[in-house]
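Take a look at the model below.

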Amino acid sequence: MLNFSSYILPIIVALVIIYGLFKKIEVFSCFINGAKKGLNIFKTLMPSLTALIVAVTMLDISGGLDFIKWLIKPFASALGIPDEVIPLAVISPLSGSGSLSVFENILAKYGADSFIGRVASVMMGSTETTFYAIAVYYGAIGIKKTRHTVIAGLFADFIGFILSNIMVRLFFC
Amino acid sequence: MNYIWAGMIIFSVVCALFNANANELSAGILNSAQHAVEISLKLLGGICFWSGLMEIAQKSGLTRVIGKLLFPLMKIIFPELREEKEILGAISMNVTANLLGLGNAATPLGIEAMRLMQGKNPDKARASDAMVNFVVMNTAAIELVPTTVALIRLNSGCLTPFDILPIVLFNSLVSLTGGLLLSKIICRVVK
């Protein structure tokens, strides 16, 4: 299964180019044109990524994240969610690399087949880095007013967070 | 995003004052700014590559073919883009890459979709309804096979790394639907 997925990417690349040739497209110059557009996207993307990454790092180092975890704890306990996965729930909307290392730590400490390990795995598999996606997609085209994107994105994360605990209980216990 | 970003920074500084770790924080600010450039540079190659490939897919009409395949799903999520075959095609490419777990490809393809949507957006500084729904869709994971999670489970000595797969799929689907529903309701209420 893991092996199979590594074939997908090269095959897709080949298929796109073969289809282009089949439709008599100048694939090489076409590719260069597209890649140039990519360079323009980069110019608008980098500043917004810098803004987000600095803010997330500051939250982490200053102990702000610990404070948020402390705030969430009573609510999570009331819902039967184990304390051990709260750090993952808090970091996962903010930082992809951060949540990966928290996830690895949880598995190393409690084991992948423990209740905690399974809840963490489901959480990890069913959420994306919400703030990163927002910064990247809006940053790339220069949108300033993101309206209710953050609320809806975090709401989706919240559902995933609550549900992972319930579903693992139903399935494995 | 304006107030959230400002809030994150001010809250951090206040926390640092309470925890008396302003030294670490100062170092962290500079290090993370550097780190951000590194991450952006790492993304740059992928963005250029996929933008190039996307250009071929657009010119050859491949995006419209894939757009047609996913059209039944797309017209439910993006009814306002019903007639915009080019944009729906780009969105479909992003969804396909996400489903296949090609995160590095999905991002540049999604940026391309955003760029096309921006072309039809009357207010260039304000996100359109379609953009909000699209970004919300991308903040939820819609991967068919969560390979990264499975790989880490495997590495930590798990014999059945995929046993959580049905729950992950169900969870992603429910949280994605929830996020989109909330977004659509807010779109209706607050114009």
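To compare two helices, a line called an axis is fitted to C-alpha atoms, for helices over the stretch in contact, and angles run from 0 to 180 degrees between N-to-C directions. Helices (H or I, at least four residues) and strands (E, at least two) are DSSP runs, numbered from the N terminus. This is a predicted model, in which local features need pLDDT of at least 70, side-chain atom pairs count only at pLDDT 80 or more, and totals for chains, interfaces and linings use all residues. Residues are numbered from 1 along each chain as its sequence is written, while chains are lettered from A and ligands numbered from 1 in the order in which they are written.

Start with chain B. It has nine helices and zero strands. Read along the sequence, its pattern is α-α-α-α-α-α-α-α-α. The C-alpha trace of chain B spans about 55 × 50 × 35 Å along its principal axes. How much of chain B is buried? A residue is buried if 20 or more other C-beta atoms lie within 10 Å of its own, exposed if 12 or fewer, and partly exposed in between, with C-beta atoms placed from the backbone. Of the 191 residues of chain B, 46% count as buried. Next come contacts. Two residues are in contact if their C-beta atoms, placed from the backbone, lie within 7 Å. Take the contacts in chain B between residues at least 6 apart in sequence: 60% of them join residues at least 24 apart.

Now see where the chains meet. The contact takes 83 residues from chain A and 86 residues from chain B. On the chain B side, the elements that give two or more residues are helices H1 (2-19), H2, H6 (103-119), H7 (129-139), H8 (147-155) and H9 (165-189). H2(B) gives the most to this side, with 23 residues. Sort the residues by class: Ala, Val, Leu, Ile, Met, Phe, Trp, Tyr, Cys and Pro count as nonpolar, Asp, Glu, Lys and Arg as charged, and the others, Gly among them, as polar. The side of chain B that touches chain A then has 53 nonpolar, 26 polar and seven charged residues.

Two helix pairs show this meeting in detail. Helix H2 of chain A (residues 27-62) packs against helix H2 of chain B (residues 22-59) at an angle of about 155°, with the axes 5 Å apart. H2(A) is therefore roughly antiparallel to H2(B). The cut-offs are these: angles under 35 degrees count as roughly parallel, over 145 as roughly antiparallel, 65 to 115 as roughly perpendicular and the rest as oblique. The crossing of H2(A) and H2(B) is right-handed. A crossing is left-handed if the near helix is turned anticlockwise from the far one by less than a right angle, and right-handed if clockwise. The contact of H2(A) with H2(B) involves 28 nonpolar, 12 polar and four charged residues.

H2(A) also packs against H1(B), at an angle of about 25° and with the axes 8 Å apart. This makes H2(A) roughly parallel to H1(B). Here the crossing is left-handed. From H2(A), the contact uses A:Ala51, A:Ala55, A:Met58, A:Leu59 and A:Ser62. Among the H1(B) residues are B:Trp5, B:Met8 and B:Ile9. By class, the contact of H2(A) with H1(B) has 10 nonpolar, three polar and no charged residues.

Is helix H7 of chain A mostly covered or uncovered? Mostly covered: 12 of its 12 residues are buried. Among them are A:Phe131, A:Tyr132 and A:Gly139. The cover includes H2, H5 (96-110) and H8 (149-172) of chain A, together with H6 and H7 of chain B. After H7(A) comes A:Gly142, with a positive phi near 75°.

Most residues other than glycine have a negative phi. A:Lys24 is not a glycine, yet its phi is positive, about 60°. It lies in the loop between H1 (2-22) and H2 of chain A. A:Lys24 is exposed, because 8 other C-beta atoms lie within 10 Å. A:Arg147 also has a positive phi, about 50°. Its place is the loop between H7 and H8 of chain A. A:Arg147 is buried, because 20 other C-beta atoms lie within 10 Å.
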